[in-house]
Amino acid sequence: MQLIKTLFPKLRIVARGNVMKVIGEEEESETFLKKIREIEKYCEEYNLLTEEAILDILKGKAPAAVKPDNLIIHGMNGKSIVARTENQQHLVDAFEKNDLVFATGPAGSGKTFVAIALAVKALKSKQVKKIILSRPAVEAGEKLGFLPGEMKDKLDPYLQPLYDALQDMIPAAKLKEYMENNVIQIAPLAFMRGRTLNDAVIILDEAQNTSTHQIKMFLTRLGMNAKMIVTGDVTQIDLPAHQTSGLIQAMQILKQVPGIGKVEFTKKDIVRHKLVQRIVEAYGKYDRKQKSASAKEEQPAENELNHIKH
């Protein structure tokens with residue numbers, strides 16, 4: 001603030017909290033207001049404000065900014081959030097070309113994080129007016145009533161990964177404002193019923209745990225000037241064994257429908273700790289071994305049955 005006061009000596013500037021009062025000649029005040037709005041715009045885009053950037057803006061110079069080719073948005077403290085793998089970039093491209101995108105793949109491949117970054121980018125650039133994030137609370141059925149607290153307290157643990165991603169991209173005060181004004185809405189899948197979602201980016205995370213009816217209900221919420229990203233990992237289905245995953249069925253039914261993009265992430269896209277990729281590989285190897293052993297056990301039984309028939 002002292003720096004700004006120094007560069008506008010003809011004005012009397014008083015700041016209290018987030019309110020600024022300016023007294024002075026009209027022309028000088030208008031110039032000041034224009035510069036403050038430029039600073040505000042820069043801060044909103046880069047989530048960062050340095051003394052050098054303020055000086056450049058006030059002196060009419062464009063602040064130096066390095067923008068990687070694969071940049072999605074600037075996160076907290078100006079950190080560049082970029083597409084870090086080829087498939088993450090495929091998701092960025094698919095989102096631009098389609099109104100509905102399915103993104104499937106293993107844990108840690110960045111599909112949800114990139115999806116939320118794309119939603120935040122669309123909100124910041126005013127392409128949409130709101131972001132709606134949802135997840136099925138699979139274990140929330142009967143057990144939900146026994147958890148302590150109000151409904152929000154009971155559901156928050158299921159939605160926490162979505163909060164975590166947003167906190168990496170939007171300053172805490174701004175995120176709180178967005179959520180209080182329903183610009184960003186985070187809700188379990190059951191809360192989507194009956195709504196038509198216009199002017200929004202809508203993300204359904206962990207969609208492998210939806211029933212066939214749930215995902216159909218969700219997909220048909222898509223309104224005007226809206227985009228939807230559905231993410232999931234078909235190897236981590238928590239539904240009862242007899243129940244079909246809505247995500248798997250939806251991708252089969254909608255395979256030939258134009259305007260729908262599909263991106264398949266693999267273990268090569270895992271961008272968490274290096275051990276995560278090894279863990280995923282080890283479990284994949286174990287599952288294949290188990291299936292192979294089960295197939296061998298069933299084979300003699302079939303041969304024995306055929307022998308009895310003959």
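Colleague: Is glutamate 206 buried, partly exposed or exposed?

Modeller: In this predicted model, glutamate 206 has a relative accessible area of 25%, so the residue counts as partly exposed.

Colleague: Where does glutamate 206 lie?

Modeller: The residue belongs to the loop between strand E8 (200-204) and helix H8 (212-219).

Colleague: Which residues are linked with Glu206 in a network of salt bridges?

Modeller: The network links Glu206 with Arg135 and Asp205.

Colleague: What about serine 211, buried or exposed?

Modeller: Serine 211 is also found in the loop between E8 and H8. With a relative accessibility of 13%, serine 211 counts as buried.

Colleague: Which residues does serine 211 touch, leaving out those up to four places away in sequence?

Modeller: Serine 211 is in contact with Gln243, Thr244 and Gly246.

Colleague: Back to backbone angles. What is phi at asparagine 182?

Modeller: Asparagine 182, which is not a glycine, has a positive phi of about 60 degrees. Asparagine 182 sits in the loop between H7 and strand E7 (184-188), and a relative accessible area of 47% makes the residue partly exposed.

Colleague: How accessible are lysine 174 and glutamate 177?

Modeller: Lysine 174 is partly exposed at 28% relative accessible area. Glutamate 177 is likewise partly exposed, at 38%.

Colleague: How many salt bridges does a search of the whole structure find?

Modeller: The search finds five. One of them joins the side chains of lysine 227 and aspartate 99, at 3.9 Å from N to O.

Colleague: Which residue is the salt-bridge partner of lysine 262?

Modeller: Lysine 262 pairs with glutamate 264, the closest N and O atoms lying 3.3 Å apart. Glutamate 264 has a relative accessible area of 48% and is partly exposed.

Colleague: Let us turn to E5. How many of its residues are buried?

Modeller: Strand E5 (residues 100-104) is mostly covered, with five of its five residues buried.

Colleague: Which residues of E5 are on each side?

Modeller: Leu100, Phe102 and Thr104 are on one side, Val101 and Ala103 are on the other, and both faces are covered. In general, side chains in a regular strand alternate between the two faces of the sheet.

Colleague: Which strands do bridges join to E5, and do they run parallel or antiparallel to it?

Modeller: E5 runs parallel to strand E9 (residues 227-232), and five bridges join the two. Threonine 104 has glycine 232 as its bridge partner in E9. Five bridges also join E5 to strand E10 (residues 260-264), again in parallel. There, leucine 100 stands opposite isoleucine 260.

Colleague: On to helix packing. At what angle do H4 and H5 pack?

Modeller: Helix H4 (residues 86-97) and helix H5 (residues 111-124) pack at about 35 degrees, and their axes are 10 Å apart. Their crossing is right-handed.

Colleague: Which residues make the contact of H4 and H5?

Modeller: H4 contributes Gln88, Leu91, Val92 and Phe95, while H5 contributes Lys111, Val114, Ala115 and Leu118. Six of these residues are nonpolar, one is polar and one is charged.

Colleague: Finally, the chain as a whole: how many helices and strands are there?

Modeller: The chain has ten helices and ten strands. Of its 310 residues, 38% are buried. Among contacts between residues at least 6 apart in sequence, 67% join residues at least 24 apart.

Notes. Residues are numbered from 1 along each chain as its sequence is written. This is a predicted model: local features need pLDDT of at least 70, side-chain atom pairs count only at pLDDT 80 or more; totals for chains, interfaces and linings use all residues. Side-chain values use heavy atoms; hydrogens and water are left out. Axes are lines fitted to C-alpha atoms, for helices over the stretch in contact, and angles run from 0 to 180 degrees between N-to-C directions. Helices (H or I, at least four residues) and strands (E, at least two) are DSSP runs, numbered from the N terminus. A crossing is left-handed if the near helix is turned anticlockwise from the far one by less than a right angle, and right-handed if clockwise. Contact means heavy atoms within 4.5 Å. Ala, Val, Leu, Ile, Met, Phe, Trp, Tyr, Cys and Pro count as nonpolar, Asp, Glu, Lys and Arg as charged, and the others, Gly among them, as polar. Buried means under 20% relative accessible area, exposed over 50%, partly exposed in between (1.4 Å probe, protein chains only). Two strands pair if DSSP finds at least two bridges between them. A salt bridge is a side-chain nitrogen of Lys or Arg within 4 Å of a carboxyl oxygen of Asp or Glu.
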